[in-house]
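Subject: Structure handover

Hello,

Here is the structure we talked about. Please open it beside this email and follow along.

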Amino acid sequence: MSAQNLIATLKTQETNLDSLIDTLEEKKQAIIKNNFSLLNAALVNEQNILHNIGFEEKNRLKVVQDLAKELNLELKDASLESILSKNNFLLKKENKEIQQLRKSLKEKIIRISNTNKQLKDVIDFSRSLIKDTIVMIAGLKKRELVNKRV
């Protein structure tokens, strides 16, 4: 029973990560298009999704611990790695699906990381452009003031 709960929580997390990827793309487009209201909506949505991801992660940890108790396993931590390595023969039927979900989650996390790096680059470029524009308007003598505020 707990193995099915683990699969369900992994599928929920996969859906959460898909939503986060979509929201990060919306955020990137809002920044590129300089659409403040779209950016605000994306940030609110992102916070909600991150809350859901955190909740589902706690749920996954509990399910792994319950599964370990059910199968009388001693685990160092509540990671998928630890339960799959010890429990390969007991979860044979569910193992393939869990491995596929785990691989999918890893790929999505890598994609999220890459999108966050792109967002950081866009924001850094925008800040630099704004700073240079303010320096041009204020003059070179005000550069120290601009460096403190931007």
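Which residue follows H2 with a positive phi? The residue is Asn72, and its phi is near 55°. More on such helix ends below.

A caution before the rest: this is a predicted model.

**Overall picture**

The protein chain holds 5 helices and 0 strands. Read from the N terminus, its elements run α-α-α-α-α. The chain has 150 residues, and 33% of them count as buried. Take the contacts between residues at least 6 apart in sequence: 58% of these join residues at least 24 apart.

H1 covers residues 2–33. Its 32 residues should span 46 Å at 1.5 Å a residue, and its end C-alpha atoms are 46 Å apart, so the two values agree.

H2 covers residues 36–70. With 35 residues, H2 should span 51 Å; the C-alpha atoms at its ends lie 50 Å apart, which agrees.

H4 covers residues 92–138.

**How H1 packs**

Two packed helices are described by the angle between their axes and the distance between the axes. Start with H1 and H4. They pack at an angle of about 20°, and their axes are 9 Å apart. Angles under 35 degrees count as roughly parallel, and H1 and H4 are therefore roughly parallel to each other. The crossing of H1 past H4 is left-handed. The residues of this contact comprise 17 nonpolar, 6 polar and 10 charged.

Now take H1 and H2. Their axes cross at roughly 160° and come within 9 Å. That makes the pair roughly antiparallel, because angles over 145 degrees count that way. H1 passes H2 in a left-handed crossing too. By class, the contact of H1 with H2 has 18 nonpolar, 11 polar and 8 charged residues.

**Ile7 and Glu94**

Setting aside residues up to four places away in sequence, Ile7 touches Glu94, Glu97, Ile98 and Leu101. Val63 is another residue to look at from here. Ile7 and Val63 are 56 residues apart in sequence, yet their C-alpha atoms are 9.7 Å apart in space. Val63 is among the buried residues of H2.

Now view the contact from the other side. Glu94 is found in helix H4. Its relative accessibility is 14%, so Glu94 counts as buried. Leaving out residues up to four places away in sequence, Glu94 touches Ala3, Gln4 and Ile7.

**Buried residues of H4 and H2**

An α-helix has 3.6 residues a turn, so residues three or four places apart point the same way. Keep that in mind when reading the next two lists. The buried residues of H4 include Glu94, Ile98, Leu101, Leu105, Lys108, Ile112, Thr115 and Leu119. In H2, the buried residues include Leu39, Ala42, Glu46, Ile49, Ile53, Glu56, Arg60, Val63 and Leu67.

Arg102 is also in H4. With a relative accessible area of 17%, Arg102 is buried, since the cut-off for buried is under 20%. What does Arg102 contact, leaving aside its neighbours within four places in sequence? The partners are Leu80, Glu81 and Leu84.

**Where the helices end**

Most residues other than glycine have a negative phi, and most peptide bonds are trans. Against that background, look at what follows the helices. H1 is followed by Asn34, with a positive phi near 60°. Asn34 is a residue other than glycine. It lies in the loop between H1 and H2. Its relative accessibility is 70%, so Asn34 counts as exposed. H4 is followed by Gly139, whose phi is positive, near 100°.

**Where to begin**

Start at Ile7 and trace its contacts to Glu94, Glu97, Ile98 and Leu101. Then move to Asn34, in the loop between H1 and H2.

Best wishes

Conventions
Residues numbered from 1 in each chain as written. Predicted model: local features only at pLDDT ≥ 70, side-chain atom pairs only at ≥ 80, totals over all residues. Heavy atoms only, no water. Axes fitted to C-alpha atoms, helices over the stretch in contact; angles between N-to-C directions. Helix = DSSP H or I, 4+ residues; strand = E, 2+ residues; numbered from the N terminus. Parallel < 35°, antiparallel > 145°, perpendicular 65-115°, else oblique. Left-handed = near helix turned anticlockwise from the far one by under 90°. Nonpolar A, V, L, I, M, F, W, Y, C, P; charged D, E, K, R; others polar. Expected span 1.5 Å × (residues − 1). Contact = heavy atoms within 4.5 Å. Buried < 20%, exposed > 50% of the residue type's maximum accessible area, 1.4 Å probe, protein only.
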